[in-house]
Amino acid sequence: MFLYSGNDLYCEGAALADVAARVGTPAYVYSTQTILDNFHAYDQAFGDIPHLVCYAVKANSSLALLALLARAGAGFDIVSGGELFRVLKAGGDASTVVFSGVGKTADEVDYALAQGIHAFNCESEGELALIDAIAARRGAQVGFAVRVNPDVDAATHPYISTGLSQHKFGIDIAAAAAIYARARQFRNLSAEGVSCHIGSQILDPKPIFEAVDKVLALAAELRAQGHPIRRLDLGGGLGVAYREGEHAPAIGDFVRGMDARLRDSGLRIEVEPGRSIVGPAGVLLTRVLYRKCNGSKEFVIVDAAMNDLLRPSLYRAHHEIVPVRKSSLPRITADVVGPVCETGDFLARDREMADAMPGDYLAVMTAGAYGFALSSNYNSRPRAVEALVEGATFRVIRTRETYADLIRGETK
Ligand SMILES: *Cc1c(COP(=O)(O)O)cnc(C)c1O
């Protein structure tokens with residue numbers, strides 16, 4: 001929840017200028033309320049259909065956010081052993097965890113089995129064989145779903161579209177039944193589910209609904225063949241509005257669109273939303289360092305860079321950039337760039353925006369998902385501080401890295 005009161009931008013009841021002054025910049029600031037509202041929007045829209053909302057940890061894996069969601073009753077979708085470690089440290093329950101991803105290692109599978117996770121979403125026959133062998137060694141029995149590729153076009157950025165047969169993800173839906181049949185040989189695995197995830201930042205839910213229909217048909221076919229399918233994992237992918245004037249489907253409407261198809265299936269429904277829960281719940285605060293003009297081009301040079309927020313450089317993603325305190329200066333058109341030594345280091349290009357002078361704070365909006373999580377130490381820049389607002393108060397949930405942090409584990 002980010003709104004102006006007078007000229008000042010607030011996160012819930014906390015003035016962001018105060019937060020920036022206290023914790024410094026660049027800083028990620030999250031709204032507790034927005035995260036919980038978005039989670040509950042999913043959870044409640046399913047109504048009495050048996051379901052589990054597994055937050056996709058990769059969108060933002062900060063312990064405090066995971067702890068918040070665990071307390072609210074979320075399960076978790078993980079894609080690495082490290083993410084499972086985080087979920088457990090945050091107080092999450094392993095029995096609510098599904099393990100996705102195309103390249104699970106033996107060590108990760110062993111760790112996940114030792115912790116007793118709920119299920120694996122598998123993406124190759126080799127992976128099924130590996131999980132079965134490790135489960136056998138442990139004397140464990142575990143449920144799996146094959147992640148099928150329904151061959152629908154999610155119409156999103158090519159880097160975050162995953163549901164076409166040309167992508168590395170999943171198994172061709174046409175080949176899935178044969179794989180489930182062959183998987184009967186794996187004594188320590190049971191075919192409890194079918195899963196899919198067709199991409200991210202999807203603003204038109206039609207391709208997701210199309211995928212749901214295809215996956216439902218497959219589940220019915222598998223059940224008829226005697227597989228104990230009882231869960232459908234429909235992945236994440238619902239988009240958020242990054243641009244002013246852009247519209248994302250409301251979470252409740254989206255879920256109800258799926259519900260209508262799923263109500264009579266008798267299956268437990270799982271979803272794995274990441275971006276749509278935390279994306280709108282975070283901003284990146286940055287301070288203007290300099291202004292300069294090269295020829296006709298205006299630059300606003302800020303203290304946040306591509307190492308802090310990679311999405312503009314990686315996907316040419318758009319994030320609104322707004323003043324933390326509004327001024328009455330006329331608007332400008334400028335590039336907003338950081339200190340990193342790369343031409344590709346920008347937060348915005350040719351952006352019509354509020355004028356901003358050195359010392360002013362800006363808020364890069366809708367930065368809660370794939371923001372901090374994709375940040376790095378490139379150019380030996382310590383990673384940003386993260387703060388969580390609740391009401392009028394906030395607390396630091398991750399301290400700003402120090403120079404000592406930059407060389408941790410290194411020897412000369
Ligand atoms: C990335 C990912 C998600 C989350 O996607 P969002 O677009 O953030 O909702 C869910 N499931 C899987 C398997 C993923 O890879």
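Student: By class, how many nonpolar, polar and charged residues does the shell around the ligand have?

Tutor: This is a predicted model: local features need pLDDT of at least 70, side-chain atom pairs count only at pLDDT 80 or more, and totals for chains, interfaces and linings use all residues. Residues are numbered from 1 along each chain as its sequence is written, and side-chain values use heavy atoms, with hydrogens and water left out. Ala, Val, Leu, Ile, Met, Phe, Trp, Tyr, Cys and Pro count as nonpolar, Asp, Glu, Lys and Arg as charged, and the others, Gly among them, as polar. By that scheme the shell has three nonpolar, six polar and five charged residues.

Student: Which residues are closest to the ligand?

Tutor: A residue is near if one of its heavy atoms lies within 4 Å of the molecule. In total, 14 residues surround the ligand. The closest are Lys58, Ser200, Glu272, Arg275 and Tyr370.

Student: What share of the ligand's exposed area does the protein bury?

Tutor: Areas come from the Shrake-Rupley method with a 1.4 Å probe. Taken alone, the ligand exposes 390 Å². The protein buries 94% of that.

Student: Is aspartate 308 buried or exposed?

Tutor: Aspartate 308 lies in the loop between strand S15 (297-302) and helix H11 (311-315). Not counting residues up to four places away in sequence, it touches Pro26, Tyr28, Leu284, Asp303, Gly371, Phe372, Ser375, Arg381 and Ala384 (heavy atoms within 4.5 Å). Buried means under 20% relative accessible area, exposed over 50%, partly exposed in between (1.4 Å probe, protein chains only). Aspartate 308 has 1% relative accessibility, so it counts as buried.

Student: Which residues is histidine 40 in contact with, leaving aside neighbours within four places in sequence?

Tutor: Histidine 40 is found in helix H2. Its relative accessible area is 27%, so it is partly exposed. Its contacts are Ala45 and Ala72.

Student: What phi does the glycine that follows H2 have?

Tutor: H2 covers residues 32-45. Glycine 47 follows the helix. Its phi is positive, near 55°.

How values were computed
Helix = DSSP H or I, 4+ residues; strand = E, 2+ residues; numbered from the N terminus. Expected span 1.5 Å × (residues − 1).
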